[in-house]
Amino acid sequence: MTEPMIIEAENLKKHFRLASGATLKAVDGVSFGIERGHTLGLVGESGCGKSTVGRTILGMYEPTDGAVSFEGKKLFGMTRSEKRAFTRLGQMIFQDPYSSLDPRMTVSDIVGEGIDIHGIYKGKDRAERIRELLSLVGLAFEHAGRFPHEFSGGQRQRIGIARALAVEPSFIVCDEPISALDVSIQSQIVNLLMSLQERLSLTYLFISHDLGTVKYICERVAVMYLGVIVETAPSDKLYDEPRHPYTRALMSAIPIADPVRERAREHVILEGDVPSPIDENIGCRFAGRCPRALPKCEEESPELVASSDGHYVACWNVNERG
Amino acid sequence: MFVELRDLRVSFKTYGGSVRAVRGVNLDIERGECLAIVGESGCGKSVTANTIMRLIPSPPAEISGSVRMDGTELLALPEKRMKEIRGKSIGMIFQDPMTSLDPTMRIGSQIMEGLRIHDKKMSRHEAENMVYETLGMVGIPNPRAQFKRYAYEFSGGMRQRVVIAMAVICKPRLLLADEPTTALDVTTQAQILGLIRDLKTHLGSSVVLITHDMGVVANMADRIAVFYAGQVVEEGASEDVFRNPSHPYTAALLNSRPRLDRDRKQKLATIGGAPPDLFAPPQGCGFFERCPAAMEVCGDIPPSRYDCGAPGHRSLCWLHHEFASPRRDEWLRMRFSG
């Protein structure tokens, strides 16, 4: 528990200005930290801003407001050489293994690109490193000369993982790394990510809408709704006693693969759709769909408040009634 | 039996050879039941549904076997007769609501199209009222105002409701739903599954639900057919298949998903390798190369179908042959530990 935070986001905001002149508040004040060697799961439905958080903390987007610090250093305001070092230490694994690999590059070009840019290995060492990386992710060295189209989805995702690992990162953002894969392949990639974490003491931000996988991989989970974190807690706690009405609805919407229990349990079905992040929100963003909304929820936005050790909830109902 | 598929085979000719997408499928669908077809991409589940609907032109595809609905052989019907059945007696819900609607047509006209094709005598006024009623039934608020809107004005969940309205407006006796919620978020998925369940009760139709999500199956299905490499490898009542998976593939499928109701740190079982190449289907069992319980016979001779105890619960696996009983008992003890 006393491990220092490797990456921290503080009141991170990312707004996009649309052509119409309106502002889309993709991320609107998100704070979290991840301890070295741990995994934070970021869950939520499409459009809730989880991928934008991942991209912003890697410096791919400049935040509108707030700060990101990596190993204690502020990310925006780093010197050129510090920033270059960070692009090596912070890496990303993408969702779609089909569109995230250049079809005209061979596997060894793809995996070796980062090694060359950062000048980590040259000549024979470079080839040796690529061999090592491929075997680390469960591919063979013969694969090095092939092109992405010669591989299946699961194998491509392994190439994407080898590319991220090539530059010896300490922190990896996994943006829905398994959702484009078939069920029987998903578990292979999950097990690979977990064994790599153990072996290389990696820190992950694991972005997903699949709460089952997140529970399995992550020590801690943060639930996002419309650009804000509505609840965060250690994994077991969040799944055993979700407190925010949105988290509860989300959990009950995921079908359990057991017909008897699935039919017996209570389902909270949310009405309507997620509102647009373009609209101005004054109160709680979930108020319009919340089964327990109070008049106050429409007027004032709740803050994340600790409800028990390490368990934070942003909900007037929970925070005021305990 | 309402619908019967017998030894259905579908293959496609490509430059690389012939792909045997469906390799001898036998299935029964009873009136009013929900049958779930489960399997990975490329296992033939969508091709089977599209063949029932006769959406696969043959030639070029090679289709053999039989698809009977109420005793009528659908595969032998002339296209003109099939057009009367398609959309009227059999409705279909497609996976992707973003691409299965015409972006240039108002959604009201799109829903009405099928209705007026199948009932030429119906007046426009009557048809419009039917559309309003159906839009209400699928949970689209304020139907009259929505009638003139276009697909792009709706969210994913709402579009899927429009697609469902198109599929059910003629009150089909058989509803084929091909991954109806895969493109949707979980909370929207829960809404849509609830809707399909209500419509099934309301119309008394049979539903064939194609999915790869065992959770969705548990929520919806009366019976399950597990597809692998173009064949049904296990079928049975939903409870039986979940409680007593009798084909190693089914067990592996159930084990490989992290579950909300299980503890963390429990090792996640994997299925090594990948499904077989259907250009050159294996001689023996399709799952042989990936099977944790494989025996010598499995690689050489295709398995037969065996009863697994409960009525209608069958598995296409040599483990259930009487000579394999020690091996089967060993596997049955191990199957949930991965």
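**Figure 1. Salt bridge between A:Glu168 and A:Arg88 in the predicted model.** In this predicted model, A:Glu168 pairs with A:Arg88 in a salt bridge whose closest N and O atoms are 3.9 Å apart. The two partners come from distant parts of the chain, 80 residues apart: A:Glu168 belongs to the loop between α5 and β7 of chain A, and A:Arg88 to helix α2 (residues 80-89) of chain A. A:Glu168 is partly exposed, at a relative accessible area of 34%. A:Arg88 is likewise classed as partly exposed, with a relative accessibility of 25%. Both residues belong to a network of salt bridges that also includes A:Arg129 and A:Glu132. Over all chains, the count comes to 29 salt bridges.

**Figure 2. Helix α5 of chain A and its surroundings.** Helix α5 of chain A covers residues 153-165, which makes 13 residues. From its first C-alpha to its last the helix reaches 18 Å, close to the 18 Å expected at 1.5 Å a residue. The helix is mostly covered, with eleven of its 13 residues buried.

Figure 3. A:Ile185 is a residue of helix α6 of chain A. With a relative accessibility of 12%, A:Ile185 counts as buried. Leaving aside residues up to four places away in sequence, A:Ile185 touches A:Gly154, B:Gly273 and B:Arg290. A:Ile185 and A:Gln155 are separated by 30 residues in sequence and by 9.3 Å in space, C-alpha to C-alpha.

**Figure 4. Interface between chain A and chain B.** The contact involves 43 residues of chain A and 42 residues of chain B. About 3700 Å² is buried between the two chains, and carbon and sulfur atoms give 53% of this area. On the chain A side, A:Val183, A:Tyr216 and A:Ala257 lose the most area to chain B, together accounting for 17% of what that side buries. Two salt bridges are counted between chain A and chain B. The side chains of A:Arg263 and B:Glu239 meet in a salt bridge, 3.3 Å from N to O.

**Figure 5. Contact between the two domains of chain B.** Chain B is divided into domain 1 (3-221) and domain 2 (245-334). Their C-alpha centres lie 30 Å apart. Domain 1 of chain B supplies 13 residues to the contact, and domain 2 of chain B supplies eleven residues. The area buried between the domains is about 1000 Å², with carbon and sulfur atoms giving 59% of it. B:Arg23, B:Glu40 and B:Met214 supply 49% of the area that domain 1 of chain B buries against domain 2 of chain B, more than any other three residues. One salt bridge is counted between the two domains. A salt bridge joins the side chains of B:Glu40 and B:Arg290, at 3.7 Å from N to O. B:Arg290 is also one of the residues touched by A:Ile185.

**Figure 6. Further salt bridges in chain B.** The side chains of B:Lys200 and B:Asp222 meet in a salt bridge at 3.5 Å, N to O. This pair links distant parts of the chain, 22 residues apart: B:Lys200 lies in helix α7 (residues 186-203) of chain B, and B:Asp222 in the loop between α8 (214-220) and β9 (223-228) of chain B. B:Lys200 counts as buried at 19% relative accessibility, whereas B:Asp222 counts as partly exposed at 32%. In another salt bridge, B:Arg328 pairs with B:Asp329, the closest N and O atoms being 3.8 Å apart. B:Asp329 is partly exposed, at 36% relative accessibility.

**Figure 7. Cysteine residues of the two chains.** A search of the whole structure finds zero disulfides over all chains. The cysteine sulfur closest to that of A:Cys218 belongs to A:Cys174 and is 8.9 Å away, too far for a bond, since a disulfide requires sulfur atoms within 2.5 Å. A:Cys218 counts as buried, at 0% relative accessibility. B:Cys170 is buried, with a relative accessible area of 13%.

Terms used
Residues numbered from 1 in each chain as written. Chains lettered and ligands numbered in written order. Predicted model: local features only at pLDDT ≥ 70, side-chain atom pairs only at ≥ 80, totals over all residues. Heavy atoms only, no water. Helix = DSSP H or I, 4+ residues; strand = E, 2+ residues; numbered from the N terminus. Expected span 1.5 Å × (residues − 1). Buried < 20%, exposed > 50% of the residue type's maximum accessible area, 1.4 Å probe, protein only. Domains from an automatic or database assignment. Contact = heavy atoms within 4.5 Å. Buried area = accessible area lost by both parts, 1.4 Å probe. Salt bridge = Lys/Arg side-chain N within 4 Å of Asp/Glu carboxyl O.
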